[in-house]
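Work through the exercises below with the sequence and the 3D view at hand. Each task is followed by its solution.

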Amino acid sequence: MFYRATGCKLILCIFTAIVTNDCGGASGRVSASSEFTATHAEFFEDGIDYVANPEALEGRWLQEWQRELEKRLEYSDFIGVITVNTLRTDIDPGRRTSYRLLATVDKSLYGNAPQEGLSLVVRDGQAGYETVDGNQRRILNEKFVVFVKWYETEDDSVLAHWHLSPASKTIVQHVQELIDRRDEAKSHIRVVTHEN
C-alpha cells in the first residue's frame, strides 16, 4: 500500500500484484496455501475424469462440469499439463491396493511445480480410486491437466491431493482462459480518495 497526503486529501492507492514468471510459476519448493478441508476434498478427490470435450455435455452435466472446474481453479495451489510416465501398483500389509502415478510437468499454468516431477497417489477406498483402477491403458503415457491442492502431513511433508482432466486442446485452452481472466481481475489498480 502507498499513502500520499496532498492538502486536505488523502489518496490511498492499492496495488494488487500477481507475481508470476513464464508459464505461470517457477519450478521449485511447494507449500500448502491453507489447511485441506472437506470442501477441498470434494474437488481434489485423487481421481480422473475422462471428459476430453466438455462441449458434448448438456444441461445439468455441463453446468456441474463447469462448476467443478471453476472451484478447482479457485482452490488449486498448482495447475499444469503433465505426462504420466509410470503407473505403479502397491499392496500394503492389509492387502489394500494403491496406485502411484509418476508424472513429468510439461507446462506450468499456475503455481509452483516441484522440481522432481509429481507423484500422485490414490488408495483403495478413496473417492477417486475407481477412476484409476482398471483404466491403466487410458492413463499411462497420456497427457492430463492436473489440479493440485498441497497438504501437510504430521511429519511436515507436503503431499498432493489432485484431480486430472484430459489435456485436450479444448480443455487446456479453457483452463488457460479462466486463469488469465482471474489474474486480470486480481491485478487491477484501484484509487480511493478520502476528503477531510
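**Exercise 1.** Find which exposed residues lie on the face of H5 turned away from its buried side.

Solution. The exposed residues on that face are Lys169, Arg181, Glu184 and Ala185. Exposed means over 50% relative accessible area, buried under 20%, and partly exposed in between (1.4 Å probe, protein chains only). Helices (H or I, at least four residues) and strands (E, at least two) are DSSP runs, numbered from the N terminus. The model is predicted: local features need pLDDT of at least 70, side-chain atom pairs count only at pLDDT 80 or more, and totals for chains, interfaces and linings use all residues. Residues are numbered from 1 along each chain as its sequence is written, and side-chain values use heavy atoms, with hydrogens and water left out.

**Exercise 2.** List the buried residues of H5 and explain why they line one face.

Solution. First, the list: Ile171, Val172, Val175, Leu178, Ile179, Arg182 and Asp183 are buried. Next, seen down the axis of H5, these residues fall within an arc of 130°, so they line one face of the helix. The arc is taken from the directions from the helix axis to the C-beta atoms. An α-helix has 3.6 residues a turn, so residues three or four places apart point the same way.

**Exercise 3.** Describe E7, one of the elements covering the buried residues of H5.

Solution. Begin with burial: 8 of the 10 residues of E7 are buried. Then take the pairing, which requires at least two DSSP bridges between two strands. E7 pairs with E4 in the antiparallel sense over 6 bridges, and with E8 in the antiparallel sense over 9 bridges. Finally, E7 and E8 form a hairpin with 5 residues between them.

Notes
Contact = heavy atoms within 4.5 Å.
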